[in-house]
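We will go from stop to stop, and at each one you select something and look.

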Amino acid sequence: MIFGKNHIGNQQSAQGSKTYKTFNPQLNIENETVFTEATSQEIDDAVQLASKAFKTYRSISGEKKAKFLNAIADEILALDDELIKTYCLESGLPEGRAKGERGRTVFQLRSFAELVQEGSWVEASIDTAQPNREPLPKPDLRKLLIPIGPVVVFGASNFPLAYSTAGGDTAAALAAGCPVIVKSHPMHAGTGELVASAIIKAAEKTGMPNGVFSNLNSSGIEVGTQLVKHPAVKAVGFTGSINGGRALYNLAAQREEPIPVFAEMGSVNPVVILPNAIENRGDTLAKTYAGSITLGTGQFCTNPGLLLAIKSEGLTSFISTLANEIVKIEPSCMLHPNIIGAYEKKKANMVSQEGLHVVGDYNNDVQTNYARQIITTVEGKTFLENTQLHQEVFGPFSMVIQCDDVKQLEAIISKLEGQLTATLISDDEAQDYSRVISELQNRVGRLIFNGVPTGVEVCPSMVHGGPYPASTDSRFTAVGVNSIKRWVRPFSYQDWPDNLLPDELKNENPLGISRFVNNKSTKDKI
């Protein structure tokens, strides 16, 4: 079922001469299938087809979009063992992780299906006319959210399903009424092609316009660059490195018509352990965080890369226990030789920094592409003076910052770049550290209490984003149904005849959705 071709709407195409293969990091060999990179003509064909599809798809009812999204979920499940096997061959990740991520992907699709079928997500707002108002009459104004147009989604390296071809960005954009062109990630192109075929089948079965979805192969940056520059593309979704996200952001800003790039990028996810907690349960916390740091070989955007605490005997004991526990954990495989290569390079750069000390380092022999975890520590003063120590090391690496006092702790937090998460570990003392909490809130999108940052629940209250460079726009989340708001814009009708208004804004409220009418939330007709 994997042919190595591009999906241009419901047609497969392989016009180009540039080819590549995916890689099995567990066996350290290339996989068999040859993939053909999309040409400039194929890129243009996909975008033009999406632009044409948008004219129809933007007005398709929530009920029909829900059927489409549910059908995608059904078709993904129908891929069964072939999808799981391909996922594992291309990522080096275990079968359990593959099945869990497939479940999350399906759940996301069904969640958006429920959202658009119910319909209130468009945030319909109506202010009826007051023709007799003095000194000037008030017009009738009605507002809702409308889709912005074709969206380009870049597949993520570390989540071949949940953040890639039919992942959160794609599901949200399709739910919003935007056609999607996916720039498939070269590390898991086979997984991407299988999922793309599922989306195309679902589109055909539910009568969606041809071009509502396309999937383009790419081994480098050229295809992505052309997509972002294409004048018919109206927005971009990206999950990956700071360098990659920033490059796309700059390209989009330099266009004749600049477009938004919603990029989720780097994060070191600081963990602050308050004095009582580290004295009372430092050993337990060390064991917990050894597991969190190495979970998934540290290949999560929410991996706890910084642990901060005030100097004490408890902190000394915590560091010792963490160092001992981290080396007890068997290393695991990273996603690709390029990923582990970058990890080793950044790890070496960190270790070379003056004042940084290695306290726990797995030194035993490991299989090829398996990452050795490491724990380092540094004085708070040194960390403040050397901003290279603030940067993310993508993998099982974490740094303990030993702060002189709470004032220095606050200063360090205030100097950090924007983060996806922060965690506060406390034993009945958080109320005494309001300034620490305030500083954390100013730097992150999600603040965790007495937990670990690894793990992102898919639900409406989740915020997966944060101040730059955690994301390019901290006003939005990349996870949960509220992520749909990235792919829409507010639009108002003034003094329009009722019969010409969309159903969401008509007086009779035929969809029965919740609306804000004259400053009151209601489902009643006007």
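Two strands pair if DSSP finds at least two bridges between them. Helices (H or I, at least four residues) and strands (E, at least two) are DSSP runs, numbered from the N terminus.

This is a predicted model: local features need pLDDT of at least 70, side-chain atom pairs count only at pLDDT 80 or more, and totals for chains, interfaces and linings use all residues. Residues are numbered from 1 along each chain as its sequence is written, and side-chain values use heavy atoms, with hydrogens and water left out.

**Stop 1: strand β12**

Select residues 235-239, which form strand β12. Five of its five residues are buried, so the strand is largely enclosed by the rest of the structure. Buried means under 20% relative accessible area, exposed over 50%, partly exposed in between (1.4 Å probe, protein chains only). Ala-235, Gly-237 and Thr-239 point one way, while Val-236 and Phe-238 point the other way.

Find Val-152: it stands opposite Val-236.

**Stop 2: the cores**

A nonpolar core is a set of buried Ala, Val, Leu, Ile, Met, Phe, Trp, Tyr and Cys residues joined through side-chain atoms within 4.5 Å. The largest one has 99 residues. Which residues have the most contacts inside it? Select Phe-68, Ile-72 and Met-399. Helix α2, residues 62-91, gives the largest share of this core, twelve residues. Another core, of 24 residues, lies apart from it; Val-152 is one of its members.

Zoom in on Phe-68. Leaving aside neighbours within four places in sequence, its contacts (heavy atoms within 4.5 Å) include Tyr-57, Leu-174, Ile-199 and Val-212.

**Stop 3: Thr-191**

Move to helix α5, residues 189-205, and pick Thr-191. Is Thr-191 buried or exposed? It is buried, with a relative accessible area of 0%. Beyond its neighbours within four places in sequence, Thr-191 touches Leu-83, Thr-86, Tyr-87, Glu-90, Pro-160 and Leu-161.

**Stop 4: helix α12**

Select residues 406-415. Gln-408, Leu-409, Glu-410, Ile-412 and Ile-413 are buried here. The buried residues of α12 pack against several elements, including α11 (380-385) and β18 (397-403). Look at the N-terminal end, which Asp-405 caps. A side-chain oxygen of Asp-405 lies 3.2 Å from the backbone nitrogen of Lys-407.

**Stop 5**

Most residues other than glycine have a negative phi, and most peptide bonds are trans. Select Glu-134 and Pro-135: a cis peptide bond joins them, with omega about 5°. Pro-135 lies in the loop between β7 (125-127) and β8 (141-147). Tyr-468 and Pro-469 are also joined by a cis bond, with omega about 10°.

Last, pick Glu-123, in the loop between α3 (95-118) and β7. Its phi is positive, about 55°, although it is not a glycine. At 36% relative accessibility, Glu-123 counts as partly exposed.

Terms used:
Polar contact = N/O pair within 3.5 Å; in protein donor to acceptor, adjacent residues only side chain to side chain.
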